[in-house]
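Here are a few exercises to work through with the model open beside you. Try each task before reading its solution.

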Number of protein chains: 2
Amino acid sequence: MQYPEPIAKLIDSYMKLPGIGEKSATRLAFFTIDMQADDVTEFAKALVSAKRDLHFCSVCGNITEEDPCEICRDKSRDQSTVLVVEDPKDVMSMEDMKEYHGLYHVLQGVLSPMEGKGPEDLNISSLLKRLQTNQAIKEVIVATNATPEGEATAMYLSRLIKPAGIKVTRLAHGLSVGSDIEYADQMTLFKAVEGRTEM
Amino acid sequence: MQYPEPIAKLIDSYMKLPGIGEKSATRLAFFTIDMQADDVTEFAKALVSAKRDLHFCSVCGNITEEDPCEICRDKSRDQSTVLVVEDPKDVMSMEDMKEYHGLYHVLQGVLSPMEGKGPEDLNISSLLKRLQTNQAIKEVIVATNATPEGEATAMYLSRLIKPAGIKVTRLAHGLSVGSDIEYADQMTLFKAVEGRTEM
């Protein structure tokens, strides 16, 4: 037996989301039926609007309603530093920290031979062009994740950018603030010892 | 810093779904932006349609596009048996089994004093009215879940219905097919011994 078509279609749509299987999708669909009509309409509008009204900034690759994005347009920011991240969520985390006042470049992913992602699939050529045309940029901080792919991407970028005489730096690795040495993995401990600072 | 409004709104909408917190909602929202435009439109339409086009069957309380529902309209089904379940998903499970050919009644929940759910919040009065007006019904199978609330609801229904001279039965409890006695919980084992059958 099949569910009535409206709910079967909704289950199908929920199943297209990552990490949501048939059981969860069914639960979400039934939950949707019990939601306030206004909330459902709002949800539907938000879906359409997010897909229609958001674009990638032609300068940094971040998502934005207007092009160039808010950060690229803000001349009060430090124009000499570009922090390279994997995706827009990382820009948000950095901004929430409130201590970084330079510019960003969003790669939209990392190099991953396993997933068939090469340099041409990332915003790397736009970064190089940006560095060539904008002489104000003196430092590139590579803030890819501390994963094997993130590290490989960082190395790749460093080799491309350094020859142009631009300083390339990488975020520090070490113990998380508030963490226990007992529970740190060996790689993190190694990075913490290697990167020790004088006090 | 805030995400651009279209994505912030979409994150808010996703967060209204059960079991989805801010991190997951953000991940889903960014995934949505990368989805095919058609799929997103389809999703939005499915949301609105599920909320607008689905109703509860005035006879059995199941969800349906047309009232009465397909099962209640099907005169070839056994009109003498009504299987009482907690929600529409249970009807689907029973139908998928393909061995039950009677009618259903969907309570839309169980008695739960903890959640403030009393008999008046469930489709119980409609069940009683149905039993009174429809003399063809000879047996009510109570198929609430094997939880404390499900058991209490089953007991409650049994006490209401039995005096009217209608047979009330309960689904059998015991070991799941294919399961190991070693891993069965004590309550299940007890029910399996108690309900043993001659071979």
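**Exercise 1.** Which residues gather in a patch of negative charge on the surface?

*Solution.* A word on the ground rules: this is a predicted model, in which local features need pLDDT of at least 70 and side-chain atom pairs count only at pLDDT 80 or more, while totals for chains, interfaces and linings use all residues. Residues are numbered from 1 along each chain as its sequence is written, chains are lettered from A and ligands numbered from 1 in the order in which they are written, and side-chain values use heavy atoms, with hydrogens and water left out.

Step 1: patch members have over 30% relative accessible area and no salt bridge, and like charges are joined within 9 Å. Step 2: Asp and Glu count as negative, and the charge is placed at CG of Asp or CD of Glu. Step 3: the patch brings together Asp12(A), Glu22(A), Asp38(B) and Glu42(B). Step 4: take Glu42(B), which sits in helix H3 of chain B, residues 37–53. Glu42(B) counts as partly exposed because its relative accessibility is 39%; the class lies between buried (under 20%) and exposed (over 50%), with a 1.4 Å probe and protein chains only.

**Exercise 2.** Compare the radius of gyration of chain A with that of a compact globule.

*Solution.* Step 1: the radius is taken over C-alpha atoms, and the globule rule is 2.2 Å times the number of residues to the power 0.38. Step 2: for 199 residues a compact globule would come near 16 Å, but chain A has 22 Å. Step 3: along the principal axes, the C-alpha atoms of chain A fill a box of roughly 65 × 45 × 35 Å. Step 4: buried residues account for 41% of the chain's 199 residues.

**Exercise 3.** Is Leu157(A) buried or exposed?

*Solution.* Step 1: find Leu157(A) in helix H7 of chain A, residues 148–161. Step 2: its relative accessibility is 0%, so Leu157(A) counts as buried.

Conventions
Patches are made of residues with over 30% relative accessible area and no salt bridge: like charges are joined within 9 Å, nonpolar side chains (Val, Leu, Ile, Met, Phe, Trp, Tyr) within 5 Å. Accessible areas come from the Shrake-Rupley method with a 1.4 Å probe; for residues, only the protein chains shown count as cover. A salt bridge is a side-chain nitrogen of Lys or Arg within 4 Å of a carboxyl oxygen of Asp or Glu. Helices (H or I, at least four residues) and strands (E, at least two) are DSSP runs, numbered from the N terminus.
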